[in-house]
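Subject: Structure handover and notes

Hi there,

Here is the structure I promised to pass on.

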Amino acid sequence: MKISRLCNRGVVGLVAAGALLGSAVAPAPAARADTDPPPITAIADMLQQTMDGLKFQEVIDTDPPTTATAVRALKANSVDKDAKTPEQRAKTYAAAAGNQPISQQPQVDATVIELDANNRPVSAGTVLMSPQYPHGKIIPLDKNFHTSDVRWRQWDDSGWYTNHAQGTIDVVPGRENASTDFMLPYPASVLKLMINFGVLRLVDKGVISLDDTYAYNPTTVSSLCGGATSDTIRNYVDASLTWSSNGASCALLKMLWDHDAVNDLNQTFQNLGLETLQVKETNPANGGHWSNPVTMSSIDTAKLLALINGAPGTVWTASNGNAVTADVLSPSSREFFKKELGDQGMNDVLSTTNWCGADYPAPGIPAVEPQRWIAADGTVTVDGAAYQHDVRPCNANAEVTFAHKTGLVSNSGSDAGIVKSLPGKNGRNYIIAVFSNLGDQYQDPNRPPTAPGAHPVAYSEKYAQLGLAIDKYEASFGGAAAANRR
C-alpha cells in the first residue's frame, strides 16, 4: 500500500547506511476532516526506514538469563537498577566472551518532532519496534501530536524474555481495544527530566528558591541514592542534569515528597496530555525506589521538551480539552532548564562527540561538547569517567547544540533532547527522544576492548547511527519553510 507523505520534500529520508532514498511527492491532498485517520508524515516514514535498516537485532546479549533462578533475579533486581557499580559493569563487559545473540527483536521507542522558527511543533513521527513489530511500526499522531491507539504497558524485566516482550500492566487505562500493544522501555536517567520539571514548578510557585539550601537526610539509605548531603537546589539540579548524579536526583525527589508535590506532578502531566509520564511508587523516605512504574514514552518526553524549549500560544490541546502552553514553566525556569541540558557532559549516545576520532562508536549527531568538561589536552572527564579522546577537532566541526539527557542501566539506554543549528550551519530545529531496552548488557559484535583507564563504550553504536541519520535528514532541509516539513 502506498503511504501518503503530505510533504513538499523531494526525498523520503536517509537510511542508516547513509543512502538517500528518492521518492516522488504527490500533489498536496485536500484538507483533512477531524474524523479522518491521522496521516503518515515524512519524518515518521524516514524514521521507520532508518530504524529497520539499522538491524538492532544484531546486538549480542552478554548476560542472558539461562535458568529459572536467573529469571527470578531479574524481577528481584528491577528496583534502583542505576545502582550498578563500575566494578559490576566491568564484569559485564568482561563476560562478553560468553555472549549470545539477542533472543528477539529489541524494544525501541523513538520520536522526532520538527519545529518551526518560533519553536512550534509542525510535524512529528513516532515509531515503535519490538518482537511484535520487528520492522518498526509507525504510530499515526493527531493534530495534537497524540495517539489513543497504543496500549502502553509498564516494562517487565523478566517478562521481556519469558513473555515475548508482552507487558501485563497498563500505563494508561481504557486502551484494551488499541491496535498497538507496546511495553515501554524503562526510561533510566531520562526520568530526571520529570523530577527537575517538578522542582522548577515549585520554584515558579514560590515554594522554594534555586538558591535555597536543602539538607537531604534520608530516613533509610539506598544504594542508589547514598547518604545525607546538603547543597543548594541549584547545584542539585546541575548535578542531576549535567552529569546525571543519582544522589542529587534522589535529594530533589525527596524534596518533592517533603512538599507533597509528587502526586501533583503526576496530575500535572495528565493535565498536559502527557499521560505516559508518571513518577510512581518511589520512596518518600529517600527519593529512591526507581522502578518500572516510573514510565515515559518517547512522544510524551519529546512534547515535554517542546514545553521546556518554549513556544508561543497554545502548543497543543490535551484530550481533556486543556489548552497547553509553555507557560507551565516561567521563562526564567525554561531558560535555566535549557542551559542545564545544554551543559550535558555525556555526549555518548545519539551524539558521540566524547569519542571524537574513534573508529568505534560511529559518529552521531554532530553536537558541540560544552567547554566546562574539556581539559587542557582536549579530553573529556565527567564524574571521573575519562573518555580519553581529544574532542577539539569535533567541536571545531560541530554543527549543532544538543540540550539533552541520557540514561543507562543494564537493560535500558535512552537519550532525549533539543537540537538546534550553530550559527552558519544548515537550519536544524527539532526534538528527538529514543528509549530502548538496549542498555549496556547488549553490545555490538564489533565493540573493541576498552583501553586501560578509559571509560567504556556503554551503548550500541546503533544509537549514534540513528542520531546522525536523523540529523542529516533535517540538515538537508535547512533552508526550507517549516510549514513544508510534513
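A word on the ground rules before the findings. This is a predicted model, in which local features need pLDDT of at least 70 and side-chain atom pairs count only at pLDDT 80 or more, while totals for chains, interfaces and linings use all residues. Residues are numbered from 1 along each chain as its sequence is written, and side-chain values use heavy atoms, with hydrogens and water left out.

Disulfides

The structure holds 2 disulfides, a disulfide being a pair of cysteine sulfur atoms within 2.5 Å. Counting bonded cysteines along the chain, the pattern is 1-2, 3-4.

Cysteine 225 is joined to cysteine 250, with an S to S distance of 2.1 Å. The torsion about their S-S bond is about -65°, so this disulfide is left-handed. Cysteine 225 sits in the loop between strand S10 (213-216) and strand S11 (229-232), and cysteine 250 in helix H7 (residues 246-258), so the pair ties together parts 25 residues apart in sequence. Helices (H or I, at least four residues) and strands (E, at least two) are DSSP runs numbered from the N terminus. Both cysteine 225 and cysteine 250 are buried; buried means under 20% relative accessible area, exposed over 50%, and partly exposed in between (1.4 Å probe, protein chains only).

Cysteine 356 and cysteine 394 form a disulfide too, with sulfur atoms 2.1 Å apart. This link is right-handed, with 95° about the S-S bond. It connects distant parts of the chain, 38 residues apart: cysteine 356 is in the loop between helix H10 (331-342) and strand S14 (381-382), and cysteine 394 is in helix H11 (residues 392-396). Cysteine 356 is buried at 8% relative accessible area, whereas cysteine 394, at 27%, counts as partly exposed.

Helix H12

Helix H12 (residues 462-475) has 14 residues and reaches 20 Å from its first C-alpha to its last, close to the 20 Å expected (1.5 Å times one less than the number of residues). Of its 14 residues, 11 are buried, including Tyr463, Leu466, Ile470, Asp471 and Glu474.

A three-stranded sheet

Which strands make up the open sheet, and in what order? The order is S4-S3-S19, with antiparallel pairing; two strands pair if DSSP finds at least two bridges between them. Strand S4 (100-101) and strand S19 (442-443) stand at the edges with a single partner strand each, so one side of each has no neighbour in the sheet. Strand S3 (residues 60-61) is joined to S19 by 2 bridges, and isoleucine 60 stands opposite glutamine 443 in S19.

Best wishes
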